[in-house]
Amino acid sequence: MSKKDNVKKIKSYIDDILGATSSLREKLPSKISKEKELFCEILQNLHFVNSRTMGMKHDYKVNMMEYDDPFYVSIENLFQLHYTQEQRNIINWWLYDKFLPTGEVLILTDKVTEDEIPSDTPEEIWDLIQEQKNEKKNNK
């Protein structure tokens, strides 16, 4: 059963319960969900561009780093306007250190519990940054 069919079924149940005709619409995205979506898209694109640059250097001996550097500096400056140093450290770790050229992937662990901290996707990095932001608010 498709999503559209499920929505129609739910609408008919609501109509039966209310004894009137109702209408359903999709929830409007919140500011935070739009921000998360944009953040994840930015990280995904930066990761792609960085991987492409490193691939060009490794595979074709073409060094695009000097060419790309002003773009990265501009983006890092924008991050500096919005994120704390700790949050930028997490972002930079994910972008430049987590995924090794050998194909290995580094794992982020909690220093106290030694539990693995989910950090494979931009969404998980977003959640980690939001968690850190909330901890900072609670400590004030």
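1. Lysine 98 forms a salt bridge with aspartate 120, the closest N and O atoms being 3.2 Å apart, where a salt bridge is a side-chain nitrogen of Lys or Arg within 4 Å of a carboxyl oxygen of Asp or Glu. The pair links distant parts of the chain, since lysine 98 sits in the loop between H4 and strand E1 (108-109) and aspartate 120 in the loop between strand E2 (116-117) and H5, 22 residues apart. Helices (H or I, at least four residues) and strands (E, at least two) are DSSP runs, numbered from the N terminus. Lysine 98, at 1% relative accessibility, counts as buried, whereas aspartate 120, at 45%, counts as partly exposed; buried means under 20% relative accessible area, exposed over 50%, and partly exposed in between (1.4 Å probe, protein chains only).

2. The model is a predicted one, in which local features need pLDDT of at least 70 and side-chain atom pairs count only at pLDDT 80 or more, while totals for chains, interfaces and linings use all residues. Residues are numbered from 1 along each chain as its sequence is written, and side-chain values use heavy atoms, with hydrogens and water left out.

3. The structure holds three salt bridges. Another of them joins the side chains of lysine 36 and aspartate 127 (3.6 Å, N to O), and this pair also links distant parts of the chain, with lysine 36 in helix H2 (residues 31-60) and aspartate 127 in helix H5 (residues 122-139), 91 residues apart. Lysine 36 is partly exposed at a relative accessible area of 27%, and aspartate 127 is partly exposed at 40%.

4. Aspartate 15 and lysine 11 meet through their side chains in a salt bridge (3.0 Å, N to O). Both residues lie in helix H1 (residues 3-18), four residues apart, about one turn of the helix. Aspartate 15 counts as buried at 17% relative accessibility, while lysine 11 is partly exposed at 25%.

5. Helix H3 (residues 65-82) and helix H4 (residues 85-97) pack at an angle of about 150°, with their axes 10 Å apart; axes are lines fitted to C-alpha atoms, for helices over the stretch in contact, and angles run from 0 to 180 degrees between N-to-C directions. The two helices are therefore roughly antiparallel to each other, a term for angles over 145 degrees. The contact (heavy atoms within 4.5 Å) is made by Tyr72, Glu76, Phe79 and Gln80 of H3 and by Arg88, Ile91, Asn92 and Tyr96 of H4.

Definitions and conventions. Angles under 35 degrees count as roughly parallel, over 145 as roughly antiparallel, 65 to 115 as roughly perpendicular and the rest as oblique.
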